[in-house]
Amino acid sequence: MPAKNKKKIDLENLTPEDEMKLEIAEEIGVLDKVLKGGWGTLSARETGRIGGILGTRNRKKKAQEEKASQEREE
């Protein structure tokens, strides 16, 4: 089995997606684990939960943007 990546998170150079992932990690209670050891220290269940919440938020955000775009066109 390959070793998990323990790369530290660079809090100074975060993409918007990384910011959202950290926010979700905080909400589900794994932020300390991520900050200490990187994303590779999370279990598959924790990673999947973050990914699921991230996907849901992205879909909602996209739907809101499309709705706002349609309202501006009218």
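This is a predicted model: local features need pLDDT of at least 70, side-chain atom pairs count only at pLDDT 80 or more; totals for chains, interfaces and linings use all residues.
**Notebook: helix 1 against helix 3**

I started with the crossing: helix 1 passes helix 3 in a right-handed way.

On the helix 1 side I wrote down Glu 17, Met 20, Lys 21, Glu 23, Ile 24, Ala 25, Glu 27 and Ile 28. Helix 3 brings in Glu 46, Arg 49, Ile 50, Ile 53, Leu 54, Arg 57 and Asn 58. I sorted the residues of this contact by type and got 7 nonpolar, 1 polar and 7 charged.

**The geometry of the pair**

I reminded myself that two packed helices are described by the angle between their axes and the distance between the axes. Here helix 1 covers residues 16-28 and helix 3 covers residues 44-73. Their axes are 10 Å apart, and the packing angle is about 120 degrees. Helix 1 is therefore oblique to helix 3, since an angle of 65 to 115 degrees would count as roughly perpendicular and one over 145 as roughly antiparallel.

**The whole chain**

I stepped back to see what the pair sits in.

Then I checked the overall dimensions. Along the principal axes, the C-alpha atoms fill a box of roughly 55 × 25 × 25 Å. The radius of gyration of the chain is 16 Å, while a compact globule of 74 residues would have one near 11 Å. I also looked up burial, and 22% of the 74 residues count as buried.

How much of the contact comes from residues 24 or more positions apart? Among contacts with a separation of 6 or more, they account for 56%.

I picked Arg 57 first, which is found in helix 3. Is Arg 57 buried, exposed or partly exposed? Its relative accessible area is 25%, so I put Arg 57 down as partly exposed. Apart from neighbours within four places in sequence, Arg 57 is in contact with Met 20, Glu 23, Ile 24 and Glu 27. I checked Ala 25 too: it lies 32 residues from Arg 57 in sequence, and their C-alpha atoms are 14 Å apart.

Arg 45 also has its place in helix 3. With a relative accessible area of 74%, Arg 45 goes into my notes as exposed. I took one distance from it as well: Arg 45 and Gly 29 are 16 residues apart along the chain, and 13 Å separates their C-alpha atoms.

How values were computed
Residues are numbered from 1 along each chain as its sequence is written. Side-chain values use heavy atoms; hydrogens and water are left out. Axes are lines fitted to C-alpha atoms, for helices over the stretch in contact, and angles run from 0 to 180 degrees between N-to-C directions. Helices (H or I, at least four residues) and strands (E, at least two) are DSSP runs, numbered from the N terminus. Angles under 35 degrees count as roughly parallel, over 145 as roughly antiparallel, 65 to 115 as roughly perpendicular and the rest as oblique. A crossing is left-handed if the near helix is turned anticlockwise from the far one by less than a right angle, and right-handed if clockwise. Contact means heavy atoms within 4.5 Å. Ala, Val, Leu, Ile, Met, Phe, Trp, Tyr, Cys and Pro count as nonpolar, Asp, Glu, Lys and Arg as charged, and the others, Gly among them, as polar. The radius of gyration is taken over C-alpha atoms; the globule rule is 2.2 Å times the number of residues to the power 0.38. Buried means under 20% relative accessible area, exposed over 50%, partly exposed in between (1.4 Å probe, protein chains only).
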